[in-house]
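Please follow the explanation below with the sequence and the coordinates side by side.

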Amino acid sequence: MNRPTISATGVAVVAYDESDLRHAAEAGIRAPSLHNSQPWLFGLRDGAVEIRIDPRRQFGTGRSGWAARLACGAALYNARLALAAAGHPPVVDAHPDPADRDLVARLTPAEPRPPTYAEAELYDAVARRYSNRGPFWPAPVPAEVRRALLAAARDEVAWLDLLVGATALAAVSEIAYSADRVLRRDARYQAELATWTHADQAPDGVPAQAGAPLPEPQDLLPQRLFTDRRRVPGRDYEPEPLVGVLGVTGDRPADQIRAGQAMQKVLLTATAAGLDTSMISQPIEVPAAREQLRRSLGRSGSPQILIRFGYGTPGHPTRRREVADVLI
Ligand SMILES: Cc1cc2nc3c(=O)[nH]c(=O)nc-3n(C[C@H](O)[C@H](O)[C@H](O)COP(=O)(O)O)c2cc1C
């Protein structure tokens, strides 16, 4: 129960309590993560929420820790929003202990204030967001929504390049397929992927129902194989998908955490605007492809994730472990 107190300025404010911190962790675990690996742990102590990388849930894709940092950055963004929506926007201390590399951030609720409309709207989208890997309808995404997506990335000191025109799409499609071929030939990678393809009741991993239908030669973007389901006849992928490449200026661990927060703000902004989204990361996981992608965009920074936006038919959300299982 929240307790009203009187601030130094004489204004009645509501102190946060343990349940606000727990809600922040509950919002955190709704974040996306590579293959739904959920590589996070949360500590609720000394009046703060700590978010840590769980080293047992990292992948060996050659870019050690990248996927876990993006996921933990997204979890951090959700936790920030939950505290702000409860009227306790936090002070975020990123990487507070240089000797403890897995400690991503400590969030301490600060001066209380009512949530802004934008914070409330994005927090509301946390529970509704999920990856939709199916075909989207060919309806275009309105210009004002595109502008909101670009602004969401900018707010978190990242960039989002929305690919414009068939030439840009074809270039990224080629890079994505070449990366996908590299990963498909990598037996260890495929074995790891298979361990995250789970039954629907599992609390982590991706169930077959959430997977994309089997690929066909006309598809512009490679999808992960989580199912052997064929697509509904005639229901192809949209011919001109809206694809965004999200990146940041550097590629240090702190940059990747920042990219994760920006990714989540972009995904939630899309959800709030009624869009479906899915993510594509093969070109990020293969260093040569990633460099090609960076050059094709003319960017000096580092691409961190690709996002497809559009209007789909309802998909299949994935499950999460209980918050009690990730509290330390
Ligand atoms: C770093 C990162 C990389 C991802 N790469 C892919 C991808 O290549 N293909 C895909 O279908 N989903 C990808 N995803 C989405 C995850 O599979 C998804 O977030 C996870 O299964 C949880 O499901 P949800 O997004 O529906 O909550 C990625 C997510 C993250 C954070």
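Predicted model: local features only at pLDDT ≥ 70, side-chain atom pairs only at ≥ 80, totals over all residues.

**Helix packing**

Val172, Ile175, Ser178 and Ala179 in helix H5 meet Ala289, Gln292, Leu293 and Ser296 in helix H9. Sorted by class, the residues that join H5 to H9 comprise five nonpolar and three polar ones, with no charged residue among them. Two packed helices are described by the angle between their axes and the distance between the axes. For H5, which spans residues 166–185, and H9, the angle is about 170° and the axes lie 9 Å apart. Because angles over 145 degrees count as roughly antiparallel, H5 is roughly antiparallel to H9.

On the H1 side the contact is made by Asp20, Leu21, His23, Ala24, Ala27 and Gly28, while H2 contributes Ala75, Asn78, Ala79, Ala82 and Leu83. Seven of the residues in this contact of H1 with H2 are nonpolar, three are polar and one is charged.

Helix H2 (residues 66–85) also packs against helix H3 (residues 117–126), at an angle of about 125° and with 9 Å between the axes. That angle makes H2 oblique to H3, and H2 passes H3 in a left-handed crossing. From H2 the contact draws on Tyr77, Asn78, Leu81, Ala82, Ala84 and Ala85, and from H3 on Glu119, Leu122, Tyr123 and Val126. By class, the contact between H2 and H3 consists of eight nonpolar residues, one polar residue and one charged residue. Asn78 and Ala82 of H2 take part in the contact with H1, and Asn78 and Ala82 are also listed in the contact with H3.

**Salt bridges**

One of the salt bridges joins the side chains of arginine 299 and aspartate 161, with a distance of 2.8 Å from N to O. Arginine 299 lies in the loop between helix H9 (287–297) and strand S13 (302–312), and aspartate 161 belongs to strand S8 (residues 159–162), so the pair ties together parts that are 138 residues apart in sequence. Arginine 299 is partly exposed, its relative accessible area being 27%, whereas aspartate 161, at 16% relative accessibility, counts as buried.

A further salt bridge is formed by the side chains of glutamate 216 and arginine 231, which meet at 3.7 Å, N to O. Glutamate 216 and arginine 231 both lie in the loop between strand S10 (206–207) and strand S11 (242–248), 15 residues apart. With 26% relative accessibility, glutamate 216 counts as partly exposed, while arginine 231 has 10% and counts as buried. Arginine 231 also forms a salt bridge with aspartate 236, the closest N and O atoms being 2.6 Å apart, and aspartate 236 is partly exposed, with a relative accessible area of 32%. Together, Glu216, Asp219, Arg231 and Asp236 are linked in a network of salt bridges.

**Residues around strand S3**

Histidine 35 is found in the loop between H1 and S3, and its phi is near 55°, a positive value in a residue other than glycine. Glutamine 38 lies in the loop between H1 and S3 as well, with a phi near 50°, again positive in a residue other than glycine. Most residues other than glycine have a negative phi. Histidine 35 counts as buried at 7% relative accessibility, and glutamine 38 counts as buried at 0%.

Within strand S3 itself (residues 40–45) is glycine 43, which is buried, with a relative accessible area of 0%. Which residues does glycine 43 contact, leaving aside its neighbours within four places in sequence? Glycine 43 is in contact with Ala48, Val49, Glu50 and Ile328. Leucine 306, by comparison, is 263 residues away from glycine 43 in sequence and 30 Å away in space, C-alpha to C-alpha.

Technical notes. Residues numbered from 1 in each chain as written. Heavy atoms only, no water. Axes fitted to C-alpha atoms, helices over the stretch in contact; angles between N-to-C directions. Helix = DSSP H or I, 4+ residues; strand = E, 2+ residues; numbered from the N terminus. Parallel < 35°, antiparallel > 145°, perpendicular 65-115°, else oblique. Left-handed = near helix turned anticlockwise from the far one by under 90°. Contact = heavy atoms within 4.5 Å. Nonpolar A, V, L, I, M, F, W, Y, C, P; charged D, E, K, R; others polar. Salt bridge = Lys/Arg side-chain N within 4 Å of Asp/Glu carboxyl O. Buried < 20%, exposed > 50% of the residue type's maximum accessible area, 1.4 Å probe, protein only.
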